[in-house]
Amino acid sequence: MPAGAPRVFVSHLAGVAVFDPNGDQVGRVRDVVAMLRLPGRPPRVLGLVVEVIGRRRIFLPMTRVTGVESGQVITTGVLNMRRFEQRPTETLVLGELLDRTVRLVETGDPVTVLDVSMSQLPARREWEVDKVFVRRGRTRALRRRGETLTVDWSAVTGFSLEEQGQGAETLLATFEQLRPADLANVLHHLSAKRRGEVAAALDDERLADVLEELPDDDQVEILGKLKEERAADVLEAMDPDDAADLLSELPEPDKERLLDLMRPRDAADMRRLMSYEEGSAGGLMTTEPIVLRPDATVADALARVRDQDLTPALAAQVYVCRPPDQTPTGRYLGIIHFQRLLRDPPFTLVGAAVDSDLPTLPPDTPLPVVAGHLATYNLLAAPVVDETGSLLGAVTVDDVLDHLLPSDWRERELHAGMALPEAADGR
């Protein structure tokens, strides 16, 4: 490659903003599309997978890329807004090439792909993959020594072979900063094989967060590829209402095996949630709101609200109940909103600051009534209380929206009519 020709390591493109010539951002890079060629010939880079508004993925041909520099991609401003569909002859560089085990042509040694670089051909807008950044060997000891090297594409072989048990560490490091909803979008667009490998490499908490953002079919598929003990651990790490929804999608024998492997308390919560009608307050609620006894202080409440693992909806208020303070609780006394906690002195007992006038929801309350209740009282969450006066859980606005939207809303295009002109994609 002539001196001065542009070269970019593909992992550095992940998440990079894409701008039109006027400086307006149109999306972010999520992958690079390449076409493998005859052995020894560098793959041709066809274009970029760009995520635009609504998490829709489109294809941006490299012929419409005018610049890749300073952490940004510049386009001609003409985009085809059709959803990207991978073709059989195409390879996703981030999704499918990273973490592969290939071999050095000269020695036959196995190496693991950590990154690849692409370069622009002289005086043309065409790009090709020219270099491969690899780690020699596969042991943790070698990884600690950092025995890495950069070689020409022609110096390695094995990319065209189907690989079983491909790792995912490098791919996950590339997308480490993504929110769970965005990482879920990445997983949804991978092949089923690669999706299972990536899910297996995620820790339980991260996988639980991602599963909650995936369509039902993807959730069931991923859970089915995990060992049963780990599947039970992941379900325990999910929000109880989401875990119950996922369990309800499984065949009865699979559901019972997983429930038997879960901690008794978590399994009891799952069974209780699944006993309510789908779409009712009981079926929508989480069983883990913030519950305090009346002799707790405002300082205690604020400490609980600060928990970074709580969603904003659950952190917006605390529920005051007689012991026991785990759902189903003792008698429900009322609610305290976060703003009230900020106004009262830290030593104030929550029992003296409770709002006992706000109506509660019976567990059989239908979804439209739940939605109307939240709207009427401007709430992010509402208490679900049974006929004995015990707090069963809380319904949050995000769960209500999840059930009010069409069942396939996670996969649908949420920005119809986006005003960008279409153009041929060149593929």
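Predicted model: local features only at pLDDT ≥ 70, side-chain atom pairs only at ≥ 80, totals over all residues.
Residues are numbered from 1 along each chain as its sequence is written, and local features need pLDDT of at least 70, while side-chain atom pairs count only at pLDDT 80 or more and totals for chains, interfaces and linings use all residues. Side-chain values use heavy atoms, with hydrogens and water left out.

Reader: Is Asp 209 buried, partly exposed or exposed?

Author: Asp 209 lies in helix α6, residues 204-211; helices are DSSP runs (H or I) of at least four residues. Buried means under 20% relative accessible area, exposed means over 50%, and partly exposed lies in between, with a 1.4 Å probe and protein chains only. Because its relative accessible area is 32%, Asp 209 is partly exposed.

Reader: Which residue in β15 is the bridge partner of Val 291?

Author: Strands of a sheet pair through backbone hydrogen bonds, either parallel or antiparallel. The bridge partner of Val 291 in β15 is Tyr 319.

Reader: Which residue in the turn of the hairpin of β6 and β7 has a positive phi?

Author: Strand β6 (residues 65-69) pairs with strand β7 (residues 72-75) in the antiparallel sense over four bridges. Within this pairing, Val 68 stands opposite Val 73 in β7. Two residues lie between the strands of the hairpin, and the turn residue with a positive phi of about 50° is Ser 70.

Conventions
Pairing = 2+ DSSP bridges.
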